[in-house]
Amino acid sequence: QVQLVESGGGLVQPGGSLRLSCVASGSIFSINAMGWYRQAPGKQRELVATLTGAGITNYADSVKGRFTFSRDNAKNTVYLQMNNLKPEDTAVYYCNVYIRDRLNLKGTNYWGQGTQVTVSS
């Protein structure tokens, strides 16, 4: 079994910064594809950024140049650094990680519990 725990959300003024973390623990052989998603009230969940196992990142146009997706392999942790935040970034943010189980190498997609980000003055 694998658990994902997110943290780092909160209330920030426009132009401010936050760093989201997503820590994976449990029976982990490898962490492959990773992503951050967000869902604003009344809207569908949307993709914010992805990070492949090879280290290639892709970002939604709305966050390019402001958000940075990174990982710390030793800590089984992925991060989303968010700078120059805007009110339209307000949403619940979810991490999504594809993990191969240490015992049987089976791959499974896991979701974090979500963390609220509110950008408001």
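**Met34.** I began with Met34, which sits in strand β4. The model I am reading is predicted. Is Met34 buried or exposed? Its relative accessibility is 4%, so I put Met34 down as buried; the cut-off for buried is under 20%. Next I listed what Met34 touches, skipping residues up to four places away in sequence. The run Ala49, Thr50, Leu51, Thr52 and Gly53 is part of the list. Phe69, Arg71, Val78, Asn96 and Val97 complete the list. I also looked up the spacing between Met34 and Gly55. They are 21 residues apart in sequence, and their C-alpha atoms are 9.9 Å apart in space.

**Whole protein.** Read along the sequence, the pattern is β-β-β-β-β-β-β-β-β-β-β.

I checked the size next. The C-alpha trace spans about 50 × 25 × 25 Å along its principal axes. For 121 residues, a compact globule would have a radius of gyration near 14 Å. The protein has 14 Å, so the value agrees with that rule.

The protein exposes about 6500 Å². Carbon and sulfur atoms supply 49% of that area. Buried residues make up 40% of the 121 residues.

Then I looked at contacts across the sequence.

**The core.** Which residues have the most contacts inside the largest nonpolar core? I wrote down Trp36, Leu80, Met82, Tyr93 and Ile99. This core has 31 residues. Several elements give two or more residues to it: β1 (2–7), β3 (18–26), β4 (28–39), β5 (46–51), β7 (67–72), β8, β9 and β11 (115–119). β9 gives the most, with five residues.

**The disulfide.** I counted one disulfide. Which cysteines does the disulfide join? It joins Cys22 to Cys95, with 2.0 Å from S to S. A disulfide is a covalent bond between the sulfur atoms of two cysteines. The link of Cys22 and Cys95 is right-handed, with 50° about the S-S bond. Both Cys22 and Cys95 are buried.

**Asp89.** My last entry is a loop residue. Where does Asp89 lie? I found Asp89 in the loop between β8 (77–82) and β9 (91–101). Its relative accessibility is 1%, so Asp89 counts as buried.

What does the side chain of Asp89 make a polar contact with? Its partner is the side chain of Arg38, at 2.9 Å. I then set aside neighbours within four places in sequence and listed the contacts of Asp89. Arg38 is on that list, along with Arg66, Phe67, Asn84, Val117 and Val119.

Terms used
Residues numbered from 1 in each chain as written. Predicted model: local features only at pLDDT ≥ 70, side-chain atom pairs only at ≥ 80, totals over all residues. Heavy atoms only, no water. Helix = DSSP H or I, 4+ residues; strand = E, 2+ residues; numbered from the N terminus. Buried < 20%, exposed > 50% of the residue type's maximum accessible area, 1.4 Å probe, protein only. Polar contact = N/O pair within 3.5 Å; in protein donor to acceptor, adjacent residues only side chain to side chain. Contact = heavy atoms within 4.5 Å. Core = buried A, V, L, I, M, F, W, Y, C linked by side-chain atoms within 4.5 Å. Disulfide = S-S within 2.5 Å. Rg over C-alpha atoms; globule rule 2.2 N^0.38 Å. Areas by Shrake-Rupley, 256 points an atom, 1.4 Å probe, with all protein chains shown as cover.
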